[in-house]
Amino acid sequence: MPYAGDLSPTDAYRRVADGDAVLVDVRTAAEWSYVGVPDLSGIGRELVRIEWVSFPDGARNPAFLEQLEAEGVGQDTHVLFLCRSGVRSVAAAEAATAAGWANAYNITDGFEGPTDAAGHRGTSAGWKAAGLPWRQG
């Protein structure tokens with residue numbers, strides 16, 4: 001595995017609540033606005049939002065690593081990446097690791113998880129399905 005590892009949404013939330021890690025949501029601004037975001041206010045923590053790719057063209061954000069540093073996420077920080085279903089967050093964890101972050105993790109199943117039999121997300125796995133706090137954009 002070319003990054004520190006995978007964490008379940010529940011384990012990731014626990015690590016952030018313990019003050020051991022920073023949660024970075026790598027989805028697009030459209031997803032943050034229309035689908036929702038993790039709500040860390042109840043544990044006194046802030047969510048970091050940095051797009052891995054942009055909407056609507058899907059182009060990779062060439063300034064991703066610089067923006068991560070600008071947000072104060074140092075290379076010694078345990079950084080937990082979250083996307084919709086756990087694909088972009090793997091790419092972000094791999095890129096961060098290659099750039100020197102030794103503790104870059106992927107959150108499995110992301111914010112919404114895979115689609116269910118009816119083609120809907122957020123019902124079987126992921127941050128929302130785990131009952132973790134979230135709010136609309």
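Two strands count as paired if DSSP finds at least two bridges between them. In this predicted model, strand β1 (residues 5-7) meets that condition with β6, because 3 bridges join the two. The two strands run parallel, and Asp 6 stands opposite Asn 106 in β6.

Strand β6 also pairs with strand β5 (residues 79-82), again in the parallel sense and over 3 bridges. Here Val 79 has Ala 104 of β6 as its bridge partner. Between β5 and β6 the chain passes through helix α4 (residues 88-98), and this β-α-β crossover is right-handed.

In a regular strand, side chains alternate between the two faces of the sheet. In β6 (residues 104-107), Ala 104 and Asn 106 lie on one side, with Tyr 105 and Ile 107 on the other. These four residues are all buried, which leaves both faces of the strand covered.

Nonpolar side chains tend to be buried together in soluble globular proteins. The largest nonpolar core here has 21 residues, and Val 24, Val 26, Leu 68, Val 79 and Phe 81 touch the most other members. β2 (22-25), α3 (64-70), β5 and α4 each supply at least two residues, with α4 giving the most, 5 residues. Leaving out residues up to four places away in sequence, Val 24 touches Val 48, Ile 50, Leu 68, Val 79, Leu 80, Phe 81 and Leu 82. A second, separate core of 17 residues includes Ala 12, Val 37, Leu 40 and Ile 107.

Helix α4 also contains Arg 88. Arg 88 counts as buried because its relative accessible area is 17%, under the 20% cut-off. Beyond its neighbours within four places in sequence, its contacts include Glu 31, Trp 52 and Cys 83.

Methods:
Residues are numbered from 1 along each chain as its sequence is written. This is a predicted model: local features need pLDDT of at least 70, side-chain atom pairs count only at pLDDT 80 or more; totals for chains, interfaces and linings use all residues. Side-chain values use heavy atoms; hydrogens and water are left out. Buried means under 20% relative accessible area, exposed over 50%, partly exposed in between (1.4 Å probe, protein chains only). A crossover is right-handed if, with the strands pointing away from the viewer, the path from the first strand over the helix to the second runs clockwise. Contact means heavy atoms within 4.5 Å. A nonpolar core is a set of buried Ala, Val, Leu, Ile, Met, Phe, Trp, Tyr and Cys residues joined through side-chain atoms within 4.5 Å.
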